[in-house]
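Biologist: Bring up the model, please, and let's talk it through.

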Amino acid sequence: MSLEKLMEKFLEQSMEAEDNFYRLEEQRLQVEDKRREEEHSRELQMLQMLGQIFASIRMPSPAPTATPQPSFIPQTNLTVPLARPSLGNRNHPPALIDFASHSQAAGPGLLMEEGDFQFIERSFSLGTSGMDNVIPLVRNTIPPLTSKKHKGQDGRIGIIGGCQEYTGAPFFAAISALKVGADLSHVFCTKDAAPVIKSYSPELIVHPVLDSPNAVEEIEKWLPRLHSVVVGPGLGREDMLLKNAKEIIERSKLRGIPVIIDADGLWLVAKEPSVIQGYQRGILTPNFMEFTRLYEAMHHEPLDSSDHKRSAQQLSIALGHLTLVLKGEEDIITDGKNILTCSQEGSGRRCGGQGDLLSGSLGAFAHWAFSSPSDATKGMNPSLVAAFGATSLTRQCNRQAFHKHGRSTTTSDMIQEINSAFKKLFES
Ligand SMILES: NC(=O)C1=CN([C@@H]2O[C@H](COP(=O)(O)OP(=O)(O)OC[C@H]3O[C@@H](n4cnc5c(N)ncnc54)[C@H](OP(=O)(O)O)[C@@H]3O)[C@@H](O)[C@H]2O)[C@@H](O)CC1
Ligand SMILES: Nc1ncnc2c1ncn2[C@@H]1O[C@H](COP(=O)(O)OP(=O)(O)OP(=O)(O)O)[C@@H](O)[C@H]1O
């Protein structure tokens, strides 16, 4: 046999061996996923039972002298979503965390009693002692970079958004998730937005399906592989796109995938709050305008803007203790029971797209927080920890970018700062 033939044969054999290796590895991962799923569903069942036991112990006792405050009646929803956790996610039991935060005094801050509920405020501005409280929890959830992992383990994030008008927003969100440390970022956008978004970056996986007749089925195929979805950046407000986004949210909920809703996704929530109400892995990231819309949709009265924290808390409660991030001069993060405020120094530059950096990076932080062992967040709701990570990072990026570019600072400049801002906050 000639040397050439020998080489050919050798190459064929080694390719076959490689194929076999990957096939076996895939099988092994499937078995591992199945084992984890079974373990998670057992944990969920136990936690539900525990939840019921706690609930029966904590039935409200009548408080004869307390004056009820009708405008602030908490509409709690302490049920654990009967959802299968997404693959690779260690499940954080929402009910248990709720009970834990009811019963723990939360370090520094203000303790308010409202009827039967305790509202605990923790004001954390980085650079003060507050940082010492939450930043270490964020750190605990960040997966270490080791050589033992395969591609995808640190996060496969899906962005639902991108239409003819808005191609920047989904790009900013998707690239921010990657730059923070997720392994893969998928953008599900309309057909005409896809080539534009692809042309911004070869790093993104772009699916031109959001306006196709079978959009939901096309996207659902990917859901089992996604660790979190961010719905809304650049989605637009066309009825058909909102309808598809709504269906994706519903299907993500069924799989227990963390769902971050921003921008036009919040327009959808204001119209149909039930789409996310009560889902303990849902996080909403409104700016003040979006917040006002949501508040008025839920409370049927104008927002009293004198006390943002209280309003944010009320809205969170009305939405079934969903985590809210009200963005502004200071970011208010609440799940209706705990309030964190992040006033990490940013800058006076308010260019468009900063919110997309926040929601995209939150996609990664949320995956990490929900898939960490529960002691990593020391009983704090993982959504709060993830949101604090994302807001402090966004503000730090803004600060660093402004330092270099001054009034010319744009979101792209902020994205360039993600690595060093991340290091400064979480790795030093
Ligand atoms: N490069 C891209 O592709 C980008 C695309 N983007 C995408 O655009 C889509 C629409 O998003 P949106 O935020 O412009 O819509 P909406 O909520 O109707 O706000 C409209 C008006 O509300 C006001 N307003 C806003 N904030 C406020 C505040 N804090 N406090 C008070 N008022 C405030 C303000 O009103 P004005 O001051 O102009 O009267 C503003 O003009 C969405 O898909 C998003 O992802 C962006 O991500 C940017 C980068
Ligand atoms: N007045 C402010 N001072 C400091 N930081 C701010 C201020 N307002 C917003 N931010 C920060 O900017 C980031 C984005 O918030 P912003 O209100 O711009 O969101 P948005 O309007 O949804 O953004 P987008 O342009 O992406 O739609 C948040 O991290 C928030 O903390």
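**Pocket and salt bridges**

Modeller: Helices α11 (354–371) and α12 (382–405) each give at least two residues to the lining of the second largest pocket. Helices here are DSSP runs (H or I, at least four residues), and strands are E runs of at least two, numbered from the N terminus. This is a predicted model: local features need pLDDT of at least 70, side-chain atom pairs 80 or more, while totals use all residues. Residues are numbered from 1 along each chain.

Biologist: What volume does the second largest pocket have?

Modeller: About 690 Å³.

Biologist: Switching topic: how many salt bridges does the whole structure have?

Modeller: The search finds 12, counting a Lys or Arg side-chain nitrogen within 4 Å of an Asp or Glu carboxyl oxygen.

Biologist: What does R237 pair with?

Modeller: D264, with the closest N and O atoms 3.0 Å apart.

How values were computed: Chains lettered and ligands numbered in written order. Heavy atoms only, no water. 1 Å grid on protein atoms, 1.4 Å probe; cavity = no way out; pocket = protein on both sides within 12 Å on 5 of 7 lines; lining within 4 Å. Points joined across faces, edges and corners; volume = space filled by probe spheres on them.
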